[in-house]
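I opened my notebook today to look through one model, step by step. Come along and check each entry with me.

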Amino acid sequence: MASRIIDVDTASFVELKTLPNVGDKTAQSIINLREEFGYVPKERLSSLSGFRPTTEFWRYVTFSKQPPEENEDSQAEQTPSETSAEQPEKTLVAQPRQKLN
């Protein structure tokens, strides 16, 4: 069993096998995921055939190559300087009122 934290995105086959509930087949499946995506998508681990990551598994793993999480609210959280390059700021100009006869 793992006695240290294992980086799933870079670990060897032998290192992966030291993780709780990870045997030959699961270790190879993790490596296959890494080769396919360039990293190991966390959400894909639960879908590996015959493997269910346990709390103990998560205690011994880390992920060094995860892509930044895409957030739909990221546009709303931008500072004005970030948005001004994308869209010119609109200036409202007061128009004089016309008299109606």
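**Entry 1, confidence.** I began with residues 71-79, where pLDDT stays under 50. For this stretch I found 4 contacts beyond four places in sequence. This is a predicted model, so I keep an eye on confidence throughout, because pLDDT is the predictor's confidence in each residue. For the protein chain, the mean pLDDT is 80, and 66% of the residues reach 70 or more. Which elements sit at the two ends of the scale? Helix α5 (residues 80-84) has the lowest mean pLDDT, 49, while helix α1 (residues 13-16) has the highest, 97.

**Entry 2, overall layout.** I looked up the secondary structure next and noted 5 helices and 2 strands. Following the sequence, I wrote the order down as β-α-α-α-α-β-α. The protein chain has 101 residues, and 26% of them count as buried. I also looked up how contacts span the sequence: of those between residues at least 6 apart, 51% join residues at least 24 apart.

In soluble globular proteins, nonpolar side chains tend to be buried together. Here I found that the largest nonpolar core has 17 residues. Among those with the most contacts inside this core are V8, L16, I30 and F57. Helix α2 gives the largest share of the core, 4 residues. What does I30 touch, leaving aside its neighbours within four places in sequence? I listed V8, L16, V40, L45 and L48.

Side chains of opposite charge can pair when their charged atoms come close. How many salt bridges does the whole structure have? My search gave 2. In one, R4 pairs with E15, and their closest N and O atoms are 2.9 Å apart. This pair links distant parts of the chain, since R4 lies in the segment before β1 and E15 in helix α1, 11 residues apart. R4 counts as partly exposed at 48% relative accessibility, and E15 is partly exposed too, at 27%. I then noted K17 with D24, whose closest N and O atoms are 2.6 Å apart. K17 is partly exposed, at 36% relative accessible area, and D24 is partly exposed at 47%.

My last stop was N21, in the loop between α1 and α2. N21 has a positive phi of about 65°, although it is not a glycine.

Methods:
Residues are numbered from 1 along each chain as its sequence is written. Side-chain values use heavy atoms; hydrogens and water are left out. Buried means under 20% relative accessible area, exposed over 50%, partly exposed in between (1.4 Å probe, protein chains only). Contact means heavy atoms within 4.5 Å. pLDDT is the predictor's confidence in each residue, from 0 to 100. A nonpolar core is a set of buried Ala, Val, Leu, Ile, Met, Phe, Trp, Tyr and Cys residues joined through side-chain atoms within 4.5 Å. A salt bridge is a side-chain nitrogen of Lys or Arg within 4 Å of a carboxyl oxygen of Asp or Glu.
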